[in-house]
Amino acid sequence: MNSELSSQQVKDIGEQGLLERLQRFCPPEIIGDDAAVLETAPGQSLVVTTDVLVDGVHFSNLTTSPEDAGWRAAAANLSDLAAMGASPLGITVGLGLPSELRVSWVERLYQGMTECLQKYNTPIVGGDVVRSPVTTLAITAFGQVNPSQIIRRSAAVIGNAIVVTGVHGASHAGLELLLHPELGQNLNNEEKTALIRAHQRPQPRLDVLPILWKILTPNSQLSIAGMDSSDGLADAIIQICRASGVGAVLERRQISVPKTFNHWLPPEQALKYALYGGEDFELVLCLPQELASALVQHLGEGAAIVGKITAGSRVLLHDEQKKFPDQVLNLSQGFQHFGQ
């Protein structure tokens with residue numbers, strides 16, 4: 001990209017000029033009308049999810065390149081589809097942009113989205129562009145799922161094991177390292193890079209679904225409860241319990257964190273990162289113990305059974321070694337958009 005093009009601002013080319021630039025990221029046979037038409041397979045249900053990301057809240061030039069902001073935006077929506085058991089069909093993108101924003105920034109944003117979406121054969125099928133004082137990105141993702149395989153928050157039952165598909169706390173640790181590089185003195189460059197990448201390039205766990213359906217084949221009528229952990233592990237488990245009318249007990253020692261935490265963070269801080277850090281985009285699933293064990297074995301390192309569903313409504317953090325008293329988990333320690 002030459003310097004003249006890279007210095008162009010959105011106001012220089014206008015809405016139609018920008019849309020013309022961005023259409024090359026979309027399949028030409030789908031865009032061009034007032035809406036996209038997506039065909040789904042017979043016997044499938046359509047799943048739709050929307051996320052809004054705002055500059056200064058969800059991404060920042062201090063911690064996130066335009067490509068990484070695009071990747072994270074796409075990954076967040078694909079993760080929501082995975083949390084429902086759905087495979088992606090396409091996304092639409094709504095942009096609110098300041099007139100002075102450089103066109104190259106927007107193109108790099110789309111490049112990051114495309115890099116993430118291509119891994120899962122998911123096209124950008126349309127969207128909208130408006131003027132805004134703050135850069136805002138709104139993505140709607142469409143997916144399909146067999147009705148018998150829909151994962152819902154409300155399907156947890158007493159006795160279910162609680163499975164996480166990977167470690168928690170890495171994304172928050174990566175963000176802290178970006179904001180405060182001096183915190184990583186006990187980490188080597190490879191360890192720092194891995195944690196920062198966990199924040200900038202999270203991986204939606206669509207890869208879990210084929211494994212899950214294979215394990216559940218003999219139990220095809222079994223309902224699975226779950227959601228993703230984008231707002232933190234504690235949040236996910238509390239939300240599932242609320243929706244299902246149950247409680248849960250988490251075992252402190254079983255909560256899976258990155259190995260690098262062991263020689264870097266005090267245990268209580270590592271636990272806080274895992275429970276409340278957010279943006280790890282792992283799946284939190286509730287299913288019978290035997291099937292949970294099989295799933296963890298298939299997923300390998302990082303996956304773990306972290307607790308079980310109980311009667312009542314409290315979500316407790318328990319220490320089987322009895323070094324710490326039981327702690328009732330709540331949502332107040334996690335990120336709140338409108339918190340005081």
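1. The structure is a predicted model, in which local features need pLDDT of at least 70 and side-chain atom pairs count only at pLDDT 80 or more, while totals for chains, interfaces and linings use all residues. Residues are numbered from 1 along each chain as its sequence is written, and side-chain values use heavy atoms, with hydrogens and water left out.

2. Helix α4 has 16 residues and reaches 22 Å from its first C-alpha to its last, close to the 22 Å expected at 1.5 Å a residue; the expected span is 1.5 Å times one less than the number of residues. Helices (H or I, at least four residues) and strands (E, at least two) are DSSP runs, numbered from the N terminus.

3. Twelve of the 16 residues of α4 are buried, so this helix is largely enclosed by the rest of the structure. Buried means under 20% relative accessible area, exposed over 50%, and partly exposed in between (1.4 Å probe, protein chains only). Among the buried residues of α4 are Trp105, Glu107, Tyr110 and Met113.

4. A search of the whole structure finds eleven salt bridges, a salt bridge being a side-chain nitrogen of Lys or Arg within 4 Å of a carboxyl oxygen of Asp or Glu. One of them joins the side chains of Glu107 and Arg24 (3.2 Å, N to O). Because Glu107 lies in helix α4 (residues 103-118) and Arg24 in the loop between α2 (10-22) and β1 (45-54), the pair ties together parts that are 83 residues apart in sequence. Glu107 is buried, with a relative accessible area of 7%, whereas Arg24 is exposed, at 55%.

5. The side chains of Arg108 and Glu67 also meet in a salt bridge (2.8 Å, N to O). Arg108 lies in helix α4 and Glu67 in helix α3 (residues 66-83), so this pair ties together parts that are 41 residues apart in sequence. Arg108 is partly exposed, with a relative accessible area of 36%, and Glu67 counts as buried at 19%.

6. A further salt bridge is formed by the side chains of Arg201 and Glu115 (2.9 Å, N to O). Here Arg201 lies in the loop between α6 (189-200) and α7 (208-216) and Glu115 in helix α4, so the pair ties together parts that are 86 residues apart in sequence. Arg201 counts as buried, at 13% relative accessibility, while Glu115 is partly exposed, with a relative accessible area of 30%.

7. Finally, salt bridges that share partners join Arg21, Arg24 and Glu107 into one network.
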